[in-house]
Amino acid sequence: MSDPSGEPSFCTDDGPLSAPLAHGADVAAHFHDYGQLRYAARGALVTATQVGTWVAPASRIMWVPPFAVHSSKAYGETDIRVLSLPVTLTGQLPTEPSVLVASALLREAYLALMSEGEPLESPRARLLIDVVLAELARAAQEPLRLPEPSDRRLKAVTDLLHVDPASPATLAELGHRTGASERTLSRLFGSELSMSFHQWRTLLRIQRALIELSDGASVTDTAIRLGWSNPSSFIDAFTVLVGQTPGRYRSSARSSRSTHVECVAAPGRGAERGSRP
């Protein structure tokens with residue numbers, strides 16, 4: 001994924017966007033002076049900021065506050081719906097990037113708002129925006145923020161794990177590959193990220209599991225593909241962090257995907273802005 005700590009660009013285009021993103025599509029770091037809601041009706045969108053990484057499959061919606069630098073990567077064929085909100089409408093939303101649970105009412109109102117391309121100033125659009133904001137104000141926040149380091153030695157290690165979350169390498173082995181001692185890296189995980197190496201890698205794997213399960217992969221296949229020694233240990237770790245079993249999460253995510261509505265981007269909007277979600 002693009003490094004959000006790089007030189008970001010300022011994006012001024014604040015119209016609604018409905019656009020497909022191919023698997024692996026990577027959007028460079030940027031920011032805007034308005035807030036942005038990002039919903040994947042299909043696939044999953046991973047958003048990276050300077051303070052952490054979030055994953056938002058079809059059962060979740062991503063909130064990016066004004067001026068927050070962020071980059072994105074699509075997992076699977078992703079159908080992204082992006083809605084910009086002026087600062088005047090963001091008072092009840094979190095002040096930091098967040099992933100929120102999308103209720104059925106929130107999804108339906110959001111997709112209806114994005115589907116017909118009518119001006120956002122119209123009476124119907126304003127009513128739908130009010131519904132979306134009311135549902136967001138009461139939505140539970142997804143706790144799975146993956147903190148990202150600034151120290152170059154620690155970042156070299158986390159970059160390797162982002163590429164291969166299933167890697168069984170120990171911290172000592174990763175340190176040998178990146179030129180840092182195990183003791184130094186262990187200290188940095190605690191001081192910078194407030195968690196151990198094992199906790200960070202588990203959280204990364206759980207984030208990727210959310211994507212796999214939302215795409216219909218079985219619990220067993222997901223556990224094996226992401227490096228767990230057996231499905232039981234994966235189920236235990238997933239349930240502790242997510243608050244429900246991976247099987248239940250998979251069922252709810254697939255149910256959310258089944259509500260997908262085929263939408264058409266507003267005339268003249270989608271094509272030119274497809275690279276700026």
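1. Let's start with an exposed spot: Ser 194 counts as exposed because its relative accessibility is 65% (exposed means over 50% relative accessible area, buried under 20% and partly exposed in between, with a 1.4 Å probe and protein chains only). Ser 194 sits in the loop between helix H5 (182–193) and helix H6 (197–214), and has a positive phi of about 60° although it is not a glycine. Helices (H or I, at least four residues) and strands (E, at least two) are DSSP runs, numbered from the N terminus.

2. A word on what you're looking at. This is a predicted model, where local features need pLDDT of at least 70 and side-chain atom pairs count only at pLDDT 80 or more, while totals for chains, interfaces and linings use all residues. Residues are numbered from 1 along each chain as its sequence is written, and side-chain values use heavy atoms, leaving out hydrogens and water.

3. Phe 67 also has a positive phi, near 70°, and isn't a glycine. You'll find Phe 67 in the loop between strand E6 (60–64) and strand E7 (70–85). With 52% relative accessibility, Phe 67 counts as exposed.

4. Now for strand E5 (residues 53–56), which is covered on both faces: Thr 53 and Val 55 are buried on one side, Trp 54 and Ala 56 on the other. In a regular strand, side chains alternate between the two faces of the sheet. Strand E4 (residues 35–49) runs antiparallel to E5, joined to it by 4 bridges (strands pair if DSSP finds at least two bridges between them). E4 and E5 make a hairpin with 3 residues between them, and Leu 45 stands opposite Ala 56.

5. Which residues of helix H4 (residues 171–178) are buried? They are Leu 171, Leu 174 and Gly 175. These cover an arc of only 100° around the axis, so they lie on the same side of H4 (the arc is that of the directions from the helix axis to the C-beta atoms). His 176 and Arg 177, on the other side of H4, are exposed. The cover over the buried residues includes helix H3 (152–163), H5 and H6. After H4 comes Gly 179, with a positive phi near 85°.

6. Last, H3 and H6 pack at an angle of about 30°, with their axes 10 Å apart (axes are lines fitted to C-alpha atoms, for helices over the stretch in contact, and angles run from 0 to 180 degrees between N-to-C directions). Thr 158, Leu 161 and His 162 of H3 make the contact with Phe 197, Trp 200, Arg 201, Leu 204 and Arg 208 of H6 (contact means heavy atoms within 4.5 Å).
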